[in-house]
Amino acid sequence: MANLLGCCCEGDERLLVAEFMPNETLAKHLFHWEAQPMKWTMRLRVVLYLAQALEYCTNQGRILYHDLNAYRVLFDEECNPRLSTFGLMKNSRDGKSYSTNLAFTPPEYLRTGRITPESVIYSFGTLLLDVLSGKHIPPSHALDLIRDRNLQTLTDSCLDGQFSESDGTELVRLASRCLQYEARERPNTKSLVTALTPLQKDTEVPSHVLMGLPHSGSVSPLSPLGEACSRKDLTAMLEILDKLGYKDDEGVTNELSFQMWTDQMQESLNSKKKGDVAFRQKDFREAIEYYTQFIDGGMVSPTVCARRSLCYLMSDMPKEALDDAIQAQVISPVWHVASYLQSASLSFLGMENESQMALKEGSNLEAKRNSPSQLK
């Protein structure tokens with residue numbers, strides 16, 4: 001299970017804080033993969049881990065999991081699959097909450113408006129179909145293919161030669177059992193674990209190897225900026241940020257009406273230029289003032305947020321620096337500089353564990369950015 005760390009509440013806003021899962025969702029790796037499709041061996045591991053997670057929930061008295069689907073399955077730093085706790089967060093006492101596409105909804109929910117423990121097994125069956133096919137196939141269509149013994153059409157063509165006919169047949173058989181119309185005819189979670197365990201292959205091979213992904217637990221070598229942030233060397237950080245200029249703002253759009261453009265653009269650009277001059281002259285209070293005018297004018301720039309973040313650090317204002325570093329990453333989610341600045345800000349705030357996590361994230365983002373496949 002992906003751990004729930006806590007919750008936040010401020011005014012009318014509520015937020016659940018969950019453990020960070022850096023390697024996307026099962027849906028991403030099955031339906032929207034980029035480098036390579038998920039291997040058969042890894043798919044078998046995913047469904048076993050998922051069955052074990054559901055059995056754990058059952059043993060803990062949390063037998064209802066709402067809207068189980070491929071987006072609820074996440075991958076941790078080791079690329080091991082984890083079940084999100086989001087499906088357990090809803091009030092499941094009456095079993096009324098369900099939000100999936102009706103084509104994938106358990107039959108009993110359509111009849112009664114309620115789900116039962118057996119409904120979770122039905123949803124698990126739809127996930128087995130996802131794993132088999134690499135597509136989100138409606139259960140009714142999949143069952144027609146199974147009845148017609150048209151398994152070749154059901155199975156993902158990317159898996160050709162990766163599994164035996166007996167293993168494929170066993171997974172299809174298990175899926176069809178989970179998708180039985182009558183809830184009492186479906187297996188329980190313990191039976192799922194028992195059926196899936198013998199199918200596992202390459203059990204000693206780490207998941208990140210099977211997934212063909214770098215091991216997130218290892219930190220890539222730090223760049224000069226990463227090193228400067230890890231040492232909290234603000235002078236070196238200033239020099240590097242100044243040399244970077246605004247090249248990382250490419251592709252960032254500022255949505256302004258024509259009137260706003262004519263009235264505010266020149267004024268905003270002048271504010272940014274004055275801020276840059278103050279930044280180079282190390283007049284950080286003045287730089288903050290001009291960069292704030294630029295941002296308050298409705299302009300969007302991750303670089304300005306990053307520069308103001310460093311100015312706040314120079315002014316011994318780490319909380320404000322962290323806010324700006326986070327905003328830079330909101331604007332440009334895969335920008336390593338934003339993660340590095342978060343790391344430095346967190347360190348100044350005394351949050352060393354969180355600082356190291358942000359430093360590692362920045363290093364990995366920078367490594368991905370500079371990888372040969374990204375440079376093509």
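# Helix packing and a pocket

Q: How do α12 and α17 run, roughly parallel or roughly antiparallel?
A: Roughly antiparallel to each other. (Under 35 degrees is roughly parallel, over 145 roughly antiparallel, 65 to 115 roughly perpendicular, the rest oblique.)

Q: At what angle do the axes cross?
A: Roughly 160 degrees, with the axes of α12 (residues 234-244) and α17 (residues 336-348) coming within 13 Å. Axes are lines fitted to C-alpha atoms, for helices over the stretch in contact, with angles from 0 to 180 degrees between N-to-C directions. Helices are DSSP runs (H or I, at least four residues), numbered from the N terminus.

Q: What are we looking at, and how is it numbered?
A: A predicted model, numbered from 1 along each chain as its sequence is written, where local features need pLDDT of at least 70, side-chain atom pairs count only at pLDDT 80 or more, and totals for chains, interfaces and linings use all residues. Side-chain values use heavy atoms, leaving out hydrogens and water.

Q: Back to α12 and α17. Left-handed or right-handed crossing?
A: Left-handed. That is, the near helix is turned anticlockwise from the far one by less than a right angle; clockwise would be right-handed.

Q: Which residues meet there?
A: From α12, L234, M237, L241 and L244; from α17, V337, L341, A344 and F348. Contact is heavy atoms within 4.5 Å.

Q: And by class?
A: Eight nonpolar, no polar, no charged. (Nonpolar is Ala, Val, Leu, Ile, Met, Phe, Trp, Tyr, Cys and Pro; charged is Asp, Glu, Lys and Arg; the others, Gly among them, are polar.)

Q: How do α16 and α17 cross?
A: At roughly 160 degrees, with the axes of α16 (residues 318-331) and α17 within 8 Å. That makes this pair roughly antiparallel too. The crossing is left-handed.

Q: Which residues of α16 meet α17?
A: P318, A321, L322, A325, I326, A328 and Q329. On the α17 side, A338, S339, L341, Q342, S345, L346 and F348.

Q: New topic. How big is the second largest pocket?
A: About 280 Å³. (A pocket is an open set of points on a 1 Å grid over the protein atoms alone where a 1.4 Å probe fits, with protein on both sides within 12 Å along at least five of seven lines; lining residues have an atom within 4 Å of a point. Points join across faces, edges and corners; volume is the space filled by probe spheres set on them.)

Q: Which residues lie nearest its centre?
A: L151, Q152, T155, D160 and F163, out of 16 lining residues.

Q: Which helix gives the largest share of the lining?
A: α8, with four residues. Both α7 (151-154) and α8 (165-178) supply at least two.

Q: What is the lining by class?
A: Five nonpolar, eight polar and three charged.
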